Structures are given as C-alpha cells and as structure tokens.
Amino acid sequence: MNLLILSTYPIEQLMHGGQHRLANIVQAYRDAGFQVQLAGVASSPVYTASENFVAFPGSDKLQFDIDKSYLVDECLLGELFAENPDYFAQLEAKIQPIPDLIHVEQPWLFAFAKKFASLHPSKNISVLYGSQNIEHTMKFESAKSLLSSTDAQRVRDKVLACELLAVMQADAICCVSQEDQKWLTAQRGSTCILAPNGVRPRQETEAGIKAANEISQGKKFALYCGSAHPPNIKGFFDMFGQGMGCLAPDERLIIAGSAGIDIQNDARFLRAPNVRDQCIIANLVSEECLQGLLCTAHLIILPITDGGGTNLKTAEALWAGKHIVATQTAMRGFEQFSSAQGLTVANSPREFLRAIQVRMAQMPNRISDDEQQSRASVLWSHTLRDLTSAATTLAQKA
C-alpha cells in the first residue's frame with residue numbers, strides 16, 4: 001500500500017515538536033507495512049532543502065492585508081499551491097507513485113490533497129487529516145498580543161476556514177488530546193482517532209553524558225527543553241518573569257532547544273532577579289547530548305501555560321523517570337500520570353517555584369521496573385497504534 005504524507009516541513013533535521021511527531025508518524029506507517037513518501041512545501045526558508053519538498057516560494061507570494069501577515073503564511077501557502085496551476089504542478093511533480101491514501105499533517109495542504117485526489121478518480125484516494133492543535137485558537141492567541149482586535153479576528157477566521165475544510169472533508173481525522181478530540185467531534189458530528197504525542201525509547205551514551213556534564217559544569221540542575229514555539233517562551237516568563245528564587249546558589253536551570261535563544265533575547269530575561277545568573281542557555285543540542293541531559297538532570301520542568309495539543313516534552317519527561325514539575329496545561333493528554341511518582345502539578349508561579357525548590361531538595365527520583373512499564377503508554381509504538389490501524393482500513397478501500 002502506497003501512502004503519501006503531505007507537510008509544510010521536512011524531517012531531515014528535527015528542530016521542533018511538529019517535526020518529531022511527523023518523523024515518528026512516518027516510521028509508524030512504515031512499521032505497519034506502508035510504502036511511505038513524504039512530500040510537501042517548506043513553509044519557511046530555514047528548513048533544510050529536501051528532495052521531495054518544494055522550496056519556500058517567498059513572502060512576496062503570500063499576501064494578506066494585515067500587519068504581521070506571517071501569522072497566516074501557512075494558510076496562504078496552502079491556497080497558493082491548491083489554486084495556482086504553476087505551483088500546483090511543482091508539488092504534483094514531487095509525488096510518485098500515485099498513493100492509495102494521503103495523510104495531510106496539519107490542515108495547510110489539505111485543499112491541495114483533495115484536488116490531487118480528484119484528478120485520480122480510479123484510485124479512490126482517501127484523505128486523512130492529522131491535527132496537531134486546534135490551529136485557529138492558537139493563532140488567535142498569538143495575534144491578540146500583536147494586532148488590533150479586528151485584525152486578530154481576521155487571522156482567526158482565516159485559519160478557521162482552512163481548518164474546517166480539513167475537518168469537514170477528511171475521510172478520517174487523528175488528533176493529539178481528548179480536549180482537541182471533543183472540539184473536532186463537535187464540528188464534524190463523528191468521532192476522530194486519538195493519537196497522542198509520545199517518545200521513543202533511547203539509551204544514553206558515555207559521549208552524551210560527557211557533553212551534558214560540560215554544559216552543566218558539574219552542577220545539580222533542572223532541565224527545560226523546548227523549541228521556539230511561542231507558548232514555550234510565554235510559559236517560561238509566566239513562571240520565572242518575577243525571578244528565580246527556587247534554586248540554591250550552586251544549582252542551575254539548563255534550557256535546551258531553540259527556546260533558549262528567544263528567552264535570552266527577551267528583555268525580561270535580564271530584568272528578572274537571578275534568572276540570568278542561574279540559567280544556562282544550551283540552545284540546540286545533539287540527540288546524544290539531549291539524552292545525556294535527560295539522564296543527568298535532577299528535575300525536568302514543564303512550564304506550559306498556553307497553547308493547544310499536547311506537549312512532546314511531557315512524554316519525554318515521564319519516560320525519563322526524573323522529578324517533574326509541570327503545569328496542568330503541560331499535562332494535557334497525560335492526565336492519567338498526574339499522580340505519578342516524583343511529579344508535582346503546579347499552576348501559579350508561586351506554586352511552581354515552591355515545587356521546584358522542594359523537588360530539588362529531595363533525593364533523586366528512582367522508579368521501579370513496574371513503574372517504568374506503567375509509563376509505556378507514552379511510547380510512540382503505543383500512541384500511534386490506532387492511527388496506523390485506521391489508515392490500513394482506509395487504504396484497503398482504495
């Protein structure tokens with residue numbers, strides 16, 4: 001069975017959670033017996049060039065009459081490649097062979113997928129929509145702080161129209177949390193597949209631990225991993241914007257991932273007491289080094305206060321077995337673990353900082369083999385099982 005996955009980012013170099021999710025979806029489909037082709041259009045010039053991806057066409061081709069129009073770039077990109085014959089042909093040329101099923105990750109290229117499928121009626125191609133968030137809500141939250149209320153509403157409406165096209169016309173939908181599932185089901189009138197974010201079991205290496213120790217300078221530390229996704233930055237300052245009085249003088253908070261760059265460049269980073277002095281900005285690290293950091297951390301923090309979907313880093317933290325301090329938002333989709341050994345859920349800055357102080361003072365968290373096994377449901381092999389099963393059924397109808 002031939003499966004085409006359409007996306008607005010390649011996966012050769014994984015820079016954010018969406019790419020990690022997509023890479024594991026690709027692998028899960030292959031493990032289920034599909035011949036998988038990943039193709040699409042790069043939604044930013046920062047993405048590494050990829051053979052089956054059309055390069056970002058340029059901002060001048062994506063016009064929307066508001067300031068900060070980049071907030072709807074992905075919608076505009078989808079419209080360009082669905083409606084402009086020249087651009088449609090560029091992406092169409094990347095697709096070979098003709099698939100039995102199309103999976104569209106996020107809604108942006110859904111209109112292209114439906115048009116492509118309509119050109120091959122003999123194949124009876126089904127189109128599956130892979131939702132990562134309730135997109136219009138997340139874009140609206142970003143727009144409200146940047147635009148007038150009228151323009152923020154225009155952003156919301158633009159994204160909602162794109163999203164609803166996928167929701168209403170897809171042959172099946174998968175989503176990442178029960179909360180998202182409720183909204184999608186209400187719009188569609190039928191249920192959708194729950195395929196939460198997960199983690200892949202990995203083994204730390206001597207080299208990875210050495211690299212982690214070089215970053216931590218041998219100090220006891222809490223770890224915050226995150227991409228430059230806006231909710232990651234907002235959550236950090238929601239919790240630490242008034243200072244970081246929760247760590248002992250010889251303890252540190254290591255920030256790994258591209259979130260660190262935006263946090264460090266934010267004026268609040270310099271103003272908040274102790275934050276600059278007690279944070280180590282590791283920026284992007286290798287997979288091997290990340291595993292070393294997860295292995296040597298005393299505590300993992302998840303200060304997510306905004307955004308939809310579920311947090312990949314929550315699954316990663318649960319599987320690592322360390323002490324965890326998380327917000328309720330960060331636990332979305334993982335609520336069954338809210339009372340897990342070593343985990344504290346705290347929502348206000350005061351509670352969050354106090355929980356960090358308490359956990360950092362405790363002995364390292366050691367979970368039993370039975371406890372580790374109870375967390376196996378966070379592995380990708382488990383979370384994507386229903387998705388691959390549904391996709392197999394759809395493809396066999398072709």
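**Note on salt bridges and cavities**

1. The side chains of arginine 268 and aspartate 266 form a salt bridge with an N to O distance of 2.9 Å, the term being used here for a side-chain nitrogen of Lys or Arg within 4 Å of a carboxyl oxygen of Asp or Glu. Arginine 268 is partly exposed, at a relative accessible area of 33%, where buried means under 20% relative accessible area, exposed over 50% and partly exposed in between, with a 1.4 Å probe and protein chains only.

2. This is a predicted model, in which local features need pLDDT of at least 70 and side-chain atom pairs count only at pLDDT 80 or more, while totals for chains, interfaces and linings use all residues. Residues are numbered from 1 along each chain as its sequence is written, and side-chain values use heavy atoms, with hydrogens and water left out.

3. Across the whole structure the search finds 15 salt bridges. One of them pairs glutamate 79 with lysine 158, whose closest N and O atoms are 2.6 Å apart. Because glutamate 79 lies in helix 2 (residues 73-83) and lysine 158 in helix 6 (residues 149-169), this pair ties together parts that are 79 residues apart in sequence; helices (H or I, at least four residues) and strands (E, at least two) are DSSP runs numbered from the N terminus. Glutamate 79 is itself partly exposed, at 30%.

4. Aspartate 157 and arginine 156 also meet through their side chains in a salt bridge, at 3.6 Å from N to O. Aspartate 157 is partly exposed at 38% relative accessibility, and arginine 156 is partly exposed at 25%.

5. The structure holds 2 cavities of 30 Å³ or more. A cavity is a set of points, on a 1 Å grid over the protein atoms alone, where a 1.4 Å probe fits but cannot get out, and its lining residues have an atom within 4 Å of a point. The largest cavity has about 40 Å³ of space, and its lining includes Lys313 and Glu316 as well as Tyr224, Cys225 and Ile301. Strand 8 (221-225), strand 11 (299-302) and helix 14 (312-320) each give two or more residues to this lining, which by class has 7 nonpolar, no polar and 2 charged residues.

6. The second largest cavity has a volume of about 30 Å³ and is lined by Pro10, Ile11, Glu12, Gln13, Gln19, Tyr47 and Thr48.

Note on methods. 1 Å grid on protein atoms, 1.4 Å probe; cavity = no way out; pocket = protein on both sides within 12 Å on 5 of 7 lines; lining within 4 Å. Points joined across faces, edges and corners; volume = space filled by probe spheres on them. Nonpolar A, V, L, I, M, F, W, Y, C, P; charged D, E, K, R; others polar.
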